[in-house]
Amino acid sequence: MKKPKKNVRVTLQEVADHAGVSTTTASLVVRNNPRISEATRNKVLASMEELGYVYDRVAANMRSQNSNIIGVIVTDIANKFISEFLIGVQNTLEGFGYTVLLGTSFDSVEKQQKLISTMVEHRVDGLILNPASRSVGKTAKQLNNLKIPLVLANRELTDVHADYVGIDYPEGTYKAISHLISKGHEKIAFLGGVKNSSTWTERMEGYRTAHENANLTLDESLVIDSEPTDKGGEEAALKMLDLPEIPTAIFCFSDLIAFGVMKVLTQKGIVIGRDIDIVGFDNIPEAEIYHPPLTTVSSYPKSIGNQAAKLLHSKVKRESEEMHRVILKPQLVIRETSK
């Protein structure tokens, strides 16, 4: 058989004829079906290479009504918590045979809305969303109108009818504050995070409960919100240092916030772990090697990603119509900043 002219798409029928097999067999090879023998597979693959065959995934998707693509939208891929979360998501989805289409909102509701629309336009089979901090009613309406499976991760939106996977933020914060109280601290600041976002509100719940259970008065002036970045941590620390009396310990919304706080305090000559104790949240890899090593709450981002991917897969396959809310248990890891 003559090799087709260039610029003409080679068909699967031509591949099958060249390899001396049926079109069905060639199709099974393309889909990596285990029923095909290695010898037949190699023969078909050799014909594909010689003829320059390119799999027409769009046409295949139209026939099957599935794209085998999952949309994943996160707030900031540079955030190590998010990158660890993505590793869990992608490894699991690839194991199920999906391709991941990734979008980053940079914690912008407007960018997030555009990304969601783009994902739908690309006919993703489902969507995993790490919502922007300030997601509001308009976002809820957009998500509730989606006709594809949706799983929220790390940040819950109460007005959205979707499955959710996250960590027990109140419990993690309670453990962190109780640890500081056990060391004799009574003035404990809470720095960072976007006020009234679900992740901030749930941490605040644990912060209040720990104070109440220890019969300590909560000083609202010690609660200073900021963007969830190291720069936000620096800004929150500077505001704290302007208070008439600075606290003896600090709970930070995240490890990134803690790094920004520690930078400012060190520049001011305050010795962390001696003059003031600090606890972070997330236990990203840098927490252990930072100087001094950071006490923090493990929130297991890879496991959250893994669970979110499994849950979405079950929804895509219609294995369960029930709503699920998966909450992982946190663990306090004590290091030099609060021994």
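**Exercise 1. Find which residue lies over the face of Phe 253, and follow the aromatic rings from there.**

Solution. Arg 203 lies over the face of Phe 253, at 3.9 Å from the ring centre, where a charge is said to sit over a ring if NZ of Lys or CZ of Arg is within 6 Å of the ring centre and within 35 degrees of the ring normal. The model is a predicted one, in which local features need pLDDT of at least 70 and side-chain atom pairs count only at pLDDT 80 or more, while totals for chains, interfaces and linings use all residues. Residues are numbered from 1 along each chain as its sequence is written, and side-chain values use heavy atoms, with hydrogens and water left out.

Next, Arg 203 also lies over the face of Phe 281, at 4.3 Å from the ring centre. Phe 281 in turn belongs to one aromatic cluster together with Tyr 169, Phe 190, Trp 200, Tyr 207 and Phe 251.

**Exercise 2. Describe the aromatic pair formed by Phe 190 and Tyr 207, and say which elements hold the two residues.**

Solution. Begin with the total: the structure holds 6 aromatic pairs, where rings of Phe, Tyr and Trp (its six-membered ring) pair if their centres lie within 6.5 Å, and planes under 30 degrees apart count as stacked, over 60 as edge-to-face and the rest as tilted. The pair of Phe 190 and Tyr 207 is tilted, with 5.4 Å centre to centre and 50° between the planes.

Then place the two residues: Phe 190 lies in strand 6 (residues 188-191) and Tyr 207 in helix 9 (residues 198-213), so the pair ties together parts that are 17 residues apart in sequence. Helices (H or I, at least four residues) and strands (E, at least two) are DSSP runs, numbered from the N terminus.

Finally, check accessibility, for which buried means under 20% relative accessible area, exposed over 50%, and partly exposed in between (1.4 Å probe, protein chains only). Phe 190 counts as buried at 0% relative accessibility, and Tyr 207 is buried with a relative accessible area of 0%.

**Exercise 3. Work out in what order the 4 strands of the open sheet are arranged, and which helices lie on them.**

Solution. The 4 strands form an open sheet in the order 7-6-8-9, with parallel pairing; two strands pair if DSSP finds at least two bridges between them. The edge strands are strand 7 (223-224) and strand 9 (277-279), each of which pairs on one side only.

Within the sheet, strand 6 and strand 8 (residues 249-252) pair in the parallel sense over 4 bridges, and Ala 189 stands opposite Ile 250 in strand 8. Helix 9 packs on the sheet, touching strand 6, strand 7 and strand 8, and its direction makes about 175° with that of strand 6. Here axes are lines fitted to C-alpha atoms, for helices over the stretch in contact, and angles run from 0 to 180 degrees between N-to-C directions. Helix 8 (residues 169-182) lies across strand 6, strand 8 and strand 9, running at about 170° to strand 8.

**Exercise 4. Identify the residues with the most contacts inside the largest nonpolar core.**

Solution. A nonpolar core is a set of buried Ala, Val, Leu, Ile, Met, Phe, Trp, Tyr and Cys residues joined through side-chain atoms within 4.5 Å. The largest nonpolar core has 81 residues, and those with the most contacts inside it are Ile 128, Ile 250 and Ile 278. Helix 11 gives the largest share of this core, 7 residues.

Taking Ile 128 and leaving aside its neighbours within four places in sequence, its contacts (heavy atoms within 4.5 Å) include Gly 71, Val 72, Phe 85, Val 151 and Leu 312. Apart from this core lies another, of 14 residues, among them Val 15, Ala 19, Ala 26 and Leu 51.

**Exercise 5. Locate the cis peptide bond and the residues other than glycine with a positive phi.**

Solution. Most residues other than glycine have a negative phi, and most peptide bonds are trans. A cis peptide bond joins His 291 and Pro 292, with omega about -10°, and Pro 292 has its place in the loop between helix 12 (286-289) and strand 10 (296-298).

Asp 107 has a positive phi of about 60° and is found in the loop between strand 2 (99-104) and helix 6 (109-121); at 18% relative accessibility, Asp 107 counts as buried. Asn 196, with phi near 75°, is found in the loop between strand 6 and helix 9 and is exposed, with a relative accessible area of 63%.
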